[in-house]
Amino acid sequence: MNPPSSNPTRFNYRSQLRLEAGCDYSAVRTAAQTARQWLAEKKLTENELAELELLLVEVGNNAVKHATTETHKQNIVFDITVGEFEIEIQVTDHTPGFDWPEQIDLPDVESEHGRGLFLIQSLTDHANYLRSRRENVTVLRRRRATVIGQPPSVEELKRRLAEADSALSDMTAELSSSYESLVALFRYSAELGKHIELRDFSNRLLRDLIQIAEADYAVLRLASPDGRRLETLNVQPDTVGALPALNLAGDINSVETEAARTRQDIWFSPEEPLAKADPIVALAGNGCGLCHAFSFADQLVGTVAFGRFATDKPFSAAQVNLLHTFIDFLAIQVVNSRLLDERTAARVTRRELQIAADIQRSLLPATLPACPPFEFATVCQSALQVGGDFFDVIQTADGTTLLVIADVMGKGVPAALFAAVLRSTIRSMPQLFSQPGALLEAINQTLFDDLSRVDMFVTTALVYLDPQHGRLVSASAGHCPLLVWQPKADATGPAGNSGFPLGIENHTKYPQTVTPLPPGAVALLYTDGISEARNEAGELLGDHNLADILSDIARTNQRAQTGKKLLQERVAAFSGKAAMADDQTFIYIRHVQ
Amino acid sequence: MNLSLHENVLEVHGLDCLSATNSADFRNRVRPMIDAQHPIVQVDCSTVRFIDSEGLGALVSIRLLHPTPLVRKLIELIHFDQILELTP
């Protein structure tokens, strides 16, 4: 047992005592008793004295418990400061230390150990544990009890005033010595939440930290978005060299991957040297330092390693605490910066969708030409911002009219672009409008290479209106059938057969069907968003039901506009509150009586 | 620390402190005495001037006599009053 040595030091504004004790229970107890005698002179209450003595013993005993080897059994240093309103205890030990839990709970009531930290927490107003490799500092503060008694004399008040005055100037002196750290802290807190360039920010932060913590180099890495790699963001000073990324699942034994995996500070020194293959050895040799992994909301954000070339100067507890504080700023900035990038990407996507929607809108005919005795009405409703449906009504100078309906596989910008290409291609072949089968064949050959290169296809149906003969000439490339209601039969049925969608087979033929459309008859071109509309129970509308609905409406002999509206209402009534899953597009064609 | 037996009660007197320095000694001497003939242990706490978390741990399943205010406060703080009988 080492006898405790007492070197009471008096400051102007506060009383301070330093005691050293050997690293064993008896020495700790003796030191606590000595401290109690000294504290008794400071007009503390009996209760305060007893509890402070207990606090000193508990903190000291913690150090004794964690001194695992002889080398760790260096003296424990107790610094006690008694101020006017507060008492501070700092206990410095040189043991491996322990993890101070975030929440301190009592153990099971039958347990014989594990109550020390709970007592410390319960008997103090503030408890902090600063841990570094060879030095741990426990800092405890508690307010002094208020003693009600005689009011102080004028001399006593004068003395206290002088003490307070002196305290202020001492504190100013202390603040000046921490000026550098404080200025940096304020500067970085002012930057939090602002849009910053991460590399610049980390450059400045690492340079400042190297200076403040007296380090020789720093390596900052960020976890890749999939969490599998540590990518190098910054090495300071940059003259030290560059480092390749580290694979977290890889077999390279490095302090950085270990810190990232365990989320704990990993220290290195000549006694616990870096692995030979550790990238830091190649960078800075075998000095001493530590690697700290930092997280946000339980997600690993990155690691930062600080080191010194010298082998005998590990970072102190205060320096490590400072590094942690600053790296917390960095973690917030990294997360902010990533969120900002995601927001920007989302904005770009929104803008792209807006462009696609604009393209799609521009493809639809602004006005519908007249083609007596036929009349038609159209609907094009997108389920999402941009769909793959489109229709066109093209009339040439000689009055020839072609109806086009198409569904491009996929959605968004690519679908909109292909719809635009399809539209232009059809419009460039007016000579084939009266032969929709041949027209589809020509379109397929023109677009086949482009479509197959991006693995896309388009279903489309073309209907040539032949007013002279009161009939429709149609062809389909994998599209929903043209439905026709014939007044004489009072029945709706599909007209014609279909070929492959565009983009599936290069040299494909498309059968062409001629369907008479006598006065009062109605035809419907639609996309599968109509026939595959679902109700709240998830059931499909189906081609059969759609044909029945068309019969119901056509039978009432309404104008095309009214017929269109009724059909929309019937489909909406079927869907009920079920969300529209696909685009709904149709062209309602009627031979006016 | 003195131990004495009165019928089926083991009494512990003269404890100056119960802490990390002597909790092992306390356990080693008191525990073996607790048996079917002496199921009750009473610790006279009137002389205990200091107790720490290790000392508190050694008190599991023991009756305390005359605890000083500090001892009582700490016993209650760590909820030991649920398993220990405090006799004023």
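Biologist: How many residues of chain A are in contact with chain B, and how many of chain B with chain A?

Modeller: Keep in mind that this is a predicted model. Contact here means C-beta atoms within 7 Å. By that cut-off, the chain A side has 19 residues and the chain B side has 18.

Biologist: Which element gives the most to the side of chain A that touches chain B?

Modeller: Three elements of chain A give two or more residues to that side: α1 (25-40), α2 (46-66) and α3 (116-122). The residues there divide into eight nonpolar, five polar and six charged. With six residues, the one that gives the most is α2(A).

Biologist: Moving on to chain A itself, what share of its residues count as buried?

Modeller: Chain A has 14 helices and 24 strands. Of its contacts with a separation of 6 or more, 66% come from residues 24 or more positions apart. Out of 593 residues, the share that count as buried is 38%.

Biologist: Let's pick a strand. How many residues of β12 (residues 288-296) of chain A are buried?

Modeller: A residue needs 20 or more other C-beta atoms within 10 Å of its own to be buried. Strand β12(A) is mostly covered by that count. Of its nine residues, the number buried is seven.

Biologist: Which strands does β12(A) pair with?

Modeller: Strand β11 (residues 266-268) of chain A pairs with β12(A) in the antiparallel sense over three bridges, and there A:I266 stands opposite A:C291. Another antiparallel pairing, over nine bridges, joins β12(A) to strand β13 (residues 299-308) of chain A, with A:S295 opposite A:L300.

Biologist: Which residue takes a positive phi in the hairpin of β12(A) and β13(A)?

Modeller: The hairpin has two residues between the strands. The positive phi is near 50°, and the residue that takes it is A:A297.

Biologist: Now helix α10 (residues 412-427) of chain A: how far does it reach from its first C-alpha to its last?

Modeller: The helix has 16 residues. At 1.5 Å a residue, 22 Å is expected. The model comes close to that, at 23 Å.

Biologist: Why do the buried residues of α10(A) line one face of the helix?

Modeller: An α-helix has 3.6 residues a turn, so residues three or four places apart point the same way. In α10(A) the buried residues include A:A415, A:F418, A:L422 and A:I426, and the buried residues pack against α9 (317-363), β15 (389-395), β16 (401-408), α11 (436-453) and β17 (458-466) of chain A. They line one face because, seen down the axis of α10(A), they fall within an arc of 165°.

Key
Residues numbered from 1 in each chain as written. Chains lettered and ligands numbered in written order. Predicted model: local features only at pLDDT ≥ 70, side-chain atom pairs only at ≥ 80, totals over all residues. Contact = placed C-beta atoms within 7 Å. Helix = DSSP H or I, 4+ residues; strand = E, 2+ residues; numbered from the N terminus. Nonpolar A, V, L, I, M, F, W, Y, C, P; charged D, E, K, R; others polar. Buried ≥ 20, exposed ≤ 12 C-beta atoms within 10 Å, placed from the backbone. Pairing = 2+ DSSP bridges. Expected span 1.5 Å × (residues − 1). Arc of directions from axis to C-beta.
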